[in-house]
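Please view the sequence and the structure before reading on.

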Amino acid sequence: MALILLVGALVTILFKRIKQPLVLGYIIAGFLVGPHFHYLPTIVDQENMDTFAEIGVIMLLFGLGLEFSFKKLVKVGGSASITAVVEILFVGLGGYLTGYLLGWNKMDSLFLAGMLASSSTTIILKAFDELGLKSKQFARVVFGVLVVEDIIVILLMVLLSTVALTQKFQGSEILFTVFKLAFFMILWFLVGIYLLPVFIKKTKKWMDEETVLILAIGLCFGMVLLATHVGFSAELGAFVMGSLIAETILAEKIEHLTQPIKQFFGTIFFVSVGMMIDPHAMYNYSGPIFAITLLTIVGKFFFSGLGALISGQPLKQSVQIGSSMAQIGEFAFIVAALGLSLGVISEFLFPIAVGVSAITTFTTPYFIKLSEPLYNIIVKTLPKTWIMRLDAYTSETQKNKDNPLWKKTLHEYNKILIINSIILIAIALLFKYLFIPFLNIQIESLLWRNVLLISMASLLASPFLWAILNKKIIIKEGGETINSYYLNYSLMGISLHVIRFLTGILLIGFFIDQITTTRYALVISIPLIVTMLWFFSSNIQKIHQRIEQQFISNLNERERLEYLRNKDNIALHKKNKEASVHFQKWDAYVTELEAGDTISFAGMSLYELKWKEKFGINIVYIRRNDRTVHLPDGKQRILPNDKVGVLGTDSQISQLKFIFDQKVLPKEKEEDMDINDIQLTKIQLTETNPYCNKTIKDSGIQKDLHSHVVGIERNENRILNPSSSEMILADDIIWLVGNLHKIKACLKNHQENFMEI
């Protein structure tokens, strides 16, 4: 541990100095303490190293889940989702074919495809920061693509581990795994959102930071245990629990508390990756490294740009998005580590992944800089008719944002069927694997055992069966509720009701089959369920509504609190989003620039700055702490740490951002002072002292002695914190607070006027 952390610290200090990603530094540190570098001691306790590395992966995925909420995917939007899916599909296929052409086996080729699936969030953020591009319009889409990529890669890891363990490539097996994964993901989300926020809300007043940290780590490893028990990877369990906690009011606090643990174990994981680097293997596989690097850069650029174009992004932004995505990320090492831990891939994949990552890390900033020249070349190369058609397609896609009524109706029906069906299946499986074995031991009578089982199961399942069979669809359009007759009794409504009814019957059959035999089903189960749904429909409806309302309340708790704290800013964000859509054809949008601590224009009014005349931009708001000034006039001033909403084009905003990034250095560097030198002391003034018979302000005592006068003793009277107009008299005892060394030096030079006590 000492060797890992000390070498890791020294290498990362170097990488910070040369401004390179720390992940690459950790990997090089691992190489230095690994078996292929002979000038430093080598780690030999591989078993403990593997355990710590596995914990590192779990904590990395838990941290990723904390940054991602299930609702975040919805907010990402279709553009990012389409771009990510197109890129992963085609680049992954290219990776598999490359492995096949290189003569690799199926598992090596499949895992190579998984390694190429995601880009590096760390490298892209670093490049955007250095190039000042985070406020650009295309950067928002890139961040959304990264979110979608992370989710897809986590799901790919589950599929890859399933295929690796079963060694079956049949479509039916993969399809079953997909359905199983979707079932458990939705179930965990529903149960977690219903229970976890309630528990945190009830116990929050007894939780200090230590308890919150222990609870968070315990929940993480508990979910890891559950995920591995049902046949999924530990990484998926960690990610799911992080995502569930991200929906609670303690999300930010837990993310802050677990950050050091994530960094500690994450460092060990990346060091363990570096220990597998074999320079001879990298030399021997230099050909595949070059081919896969070329596939990564060209393939990700082309297919990310193509996905962005298909989603309706303008050609220029599509080129910028493609240029930003041309590298592989940290997930490549996690996917490779998964394959090695399962023993299904060759060891040479690791040095290949490291080689490709290292090369694309250095090429990414330059490729992003070349995006505009590349765009200009493409515009000159493509026929003008193609450019016109692309512009027309982009414009038409932006306009096509309507959501027809039938789509909303179908969405509501799907939501009712999927959510309630999953809960019913979960209840049935809970009884089959938990309650039935328990009651078989506790109750000997078969009749009473079945009566109790059927009664309990029917009570638990009835609200969800009622929702599938009988819940009315209510849709609001433009603030008004759509006519329920159209939704429930039109031809479309009747057809959907038939589907709901058949689904309900199938689920009742499945439910009964898992709990009891056909004989007891006919005699007890079906009559009991039908009776409950018929006679107690209104009560069951109320129960379901309470469950649904509690779930929605838990789901929206963080947003509700955020809205109460900052409702003006949320409304403003909505207006800005709408404005961005309307200004798409103007190539203008609203972005937010943050003023630093040392801005050159601090305190200047907008009239004095004249940014509108200089840059052609418009200031739409100034946000300061919890207060927002909408549409500020020329008298408003910009202060340090203000957040300024700016409307303009890319070039206009870039010019203004240069002004925001300029820092004003202090004219004189303040002298460092040890806090221990600031002490309290007292002196007595003699009659010859020049400070006597003057006020504290006029005497200059505070300036001369580099201290403050905090007390005066005079004839057994005490004056605490005297005002600057207080007179200083002979024989006064003056209490001073300041730098003791400077006070003593001054007293030494004027001993005849002072008497230290």
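## Terms and basis

Two strands pair if DSSP finds at least two bridges between them. Helices (H or I, at least four residues) and strands (E, at least two) are DSSP runs, numbered from the N terminus.

The model is predicted: local features need pLDDT of at least 70, side-chain atom pairs count only at pLDDT 80 or more, and totals for chains, interfaces and linings use all residues. Residues are numbered from 1 along each chain as its sequence is written, and side-chain values use heavy atoms, with hydrogens and water left out.

Strand 4 spans residues 618-624. Of its 7 residues, 5 are buried (under 20% relative accessible area, with a 1.4 Å probe and protein chains only), and the strand is mostly covered.

Strand 4 pairs with strand 5 (residues 627-630) in the antiparallel sense over 4 bridges; Y621 has H630 of strand 5 as its bridge partner. Strand 4 also runs antiparallel to strand 6 (residues 643-649), to which 5 bridges join it. Here N618 is bridged to L647 of strand 6.

## Helix 2 against helix 12

Two packed helices are described by the angle between their axes and the distance between the axes. For helix 2 (residues 22-32) and helix 12 (residues 251-274), the angle is about 55 degrees and the axes lie 6 Å apart. The axes are lines fitted to C-alpha atoms over the stretch in contact, and angles run from 0 to 180 degrees between N-to-C directions.

The contact (heavy atoms within 4.5 Å) involves V23, Y26, I27, G30 and F31 of helix 2 and T267, F270, V271, V273 and G274 of helix 12.

Key:
Buried means under 20% relative accessible area, exposed over 50%, partly exposed in between (1.4 Å probe, protein chains only).
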